Amino acid sequence: MSRKFKKSRDYIQKGPKNLVIMVIFLVVSFALLRYFAQEIQKINTFSYKTFIEKVEQNEVKDIVVSGQEVTGTLTNNKKFETVFPEGDKDIWALIKDHKIDITARNSAAAGQFTFWHFILLMMAVFGGIMVWHFLRQARGGSGGGGGGLFNMGKSKAKMFMPSMIKETFDSVAGAGEAKEELKDVVDYLKNPSKFSRLGAKMTKGVLLVGEPGTGKTLLARAVAGEANCPFFSISGSDFIEVFVGVGAARVRDLFEQARKKSPSIIFIDEIDAVGRHRGSGLGGGHDEREQTLNQLLTEMDGFETNKEPVIVIAATNRQDVLDKALLRPGRFDRIVHMPYPDLKSREQILQVHAKKINIDPDVDLKKIARGTPGFTGADLENLINEAAISASKKNRKMVEIEDFEEARDKLMLGKEHKSIMLTEEDKRVTAYHEAGHTLVALLTPGDSDPLHKVTIIPRGRALGVTHSLPEREKYTQSKDEMTASIMMALGGRIAEEIEFNKMYTGASSDFQAASRIARNMITQYGMSPELGQVIYGQAQGDFVYSQKTAEYIDKAVKDLVDACYKDTRELLETNRDKLTKLSEELLDKETLYARDIYVLLDITPRKDFKWTDDDSADEDREPNTGDQDRDETIVSDDSEKAPA
């Protein structure tokens, strides 16, 4: 039984018992309080004169004397109390004459239990309960843990025993290189003597670096599953507290627990929360976070004294902010990168998640993988889930390809807007805009990506979308391919000018994409004959080149975009009839697929075109609201991801 489940079960079992005891205590206290209140209300307070009158009228049955204080009972059984004046001896003769029963009590002895005694007792009991509850919570409660005041220095890490970890390397789709790197760690945990017999020292720290959703945590659990050893999981932020020294104490406690369970794995997620560069904190570099980091560095250096191995695996997407001492040999000296999954990896990830839903056998996951470049493993899992939700809303028995297309469009562009009421002019402008992008893509087949579909149905912030599908995973791009991307981005505005002889605001994001690609060609990829093969970059926000060079760059970027603009306009004017035919068909049907467009325009499909290929979003046009720029063009620029 897991510790977490056992703790929850104990809480469930003890909770009602403690509640019943508390309820009984409150009920009894209330009853006693009411009883004393009623008794007090029954006691009449007489003046001395009234007492004498009662005695003379033979209405007093008995009295109890304690010093000058007198309590008694009348003949009608009512209680009373009074005070005798000091030195009055005649009263005793009067009492004796009327044969009243007298009981004397020593005034120096312990007083009787009065109402106020009861109130003080209740306050003491409640105070004791509160102190006990505070101390219990301060020590972490009956379930242990590190949540109490006196347990602040206890680690918040969750420990998973080997029987609780079901993940292995087979559970991680893709990430072949990363798994290959970590196989050495698994071998070391399983058989340390294999390395020590030759004097080899295995790395004690592995840093997983990758964007959110790429599977860093899953891969760390898979290492523990493969090695069949305990797994301690904690987030970097769990070390930090407002009290100085708590984080360092938690680090010590975590490593102490791991050594007791060695061989074991410590996984620290988001280590950048505690491992940032030292010297930037408050208090002259001695703040809580830096003390925690110093303790972490010390603990990792102390592994050499252990007979059994303890491996630290950390994950971050901000390697650039980590302290250099963390990355030196002996600590996190093995850095494993978790890139965006490639085509093959995306297909494997989709296959893993598709097992959880009832999917149509006709759905080709490879096509979907080709249409999702840049998706992480988490994105692909969400894609499968959104497709299943779409099919459920339509009461389908299985998830079909249309559901996947709907899910992908929703994730990449936003939900379809059925409430937007476009005017006829807006629809025509959008149709010609998208037709311009589409026609440029069709007329530059050697350099642009294959077209998949075009639609003028509003979605997210877009009024229309043109989809194109990369024929393969691209790690580099040629100058011609980047130029074709610029031309495709400009095609929307040029089509509007040719048909309406007007300029609209919808092409703003097209220009942003075109300008970005052009500037990268000039400053990053050495594709300008005037500026040569030199990289013109920035350092900490400041340009590292002169003002004169900046002017040359701006002019080169403008000249390149202007040249593409001129070529694109000539291309569309030459094919004005195709532009008009495609626009009118879009107005009629709203969505057209590549196969329909090739037939409509009587254009021979490109050699690599496949009639059933899936798509990836390439361009979209946003809704027009006032003077804001709302057209967002997504132009593929895979060369930016190429290794330097």
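Predicted model: local features only at pLDDT ≥ 70, side-chain atom pairs only at ≥ 80, totals over all residues.
The model contains 6 aromatic pairs. One of them joins F231 and F267. The ring centres of F231 and F267 lie 6.0 Å apart, and their planes meet at 20 degrees. Planes under 30 degrees apart count as stacked, so the F231 and F267 pair is stacked. F231 belongs to strand β8, which covers residues 231-235. F267 belongs to strand β9, which covers residues 264-269. The pair therefore ties together parts that are 36 residues apart in sequence. Both F231 and F267 are buried.

Y504 has a relative accessible area of 16%. Buried means under 20%, so Y504 is buried.

F231 and F267 also belong to an aromatic cluster, together with F160. F160 has a charged neighbour as well: R221 lies over the face of the F160 ring, at 4.9 Å from the ring centre.

A polar contact involves E405. E405 is placed in helix α13, formed by residues 401-413. The relative accessible area of E405 is 9%, so E405 is buried. The side chain of E405 makes a polar contact with the side chain of Y593, at 3.5 Å.

Note on methods:
Residues numbered from 1 in each chain as written. Heavy atoms only, no water. Phe/Tyr/Trp six-rings, centres within 6.5 Å; stacked < 30°, edge-to-face > 60°. Helix = DSSP H or I, 4+ residues; strand = E, 2+ residues; numbered from the N terminus. Buried < 20%, exposed > 50% of the residue type's maximum accessible area, 1.4 Å probe, protein only. Lys NZ or Arg CZ within 6 Å of the ring centre and 35° of its normal. Polar contact = N/O pair within 3.5 Å; in protein donor to acceptor, adjacent residues only side chain to side chain.
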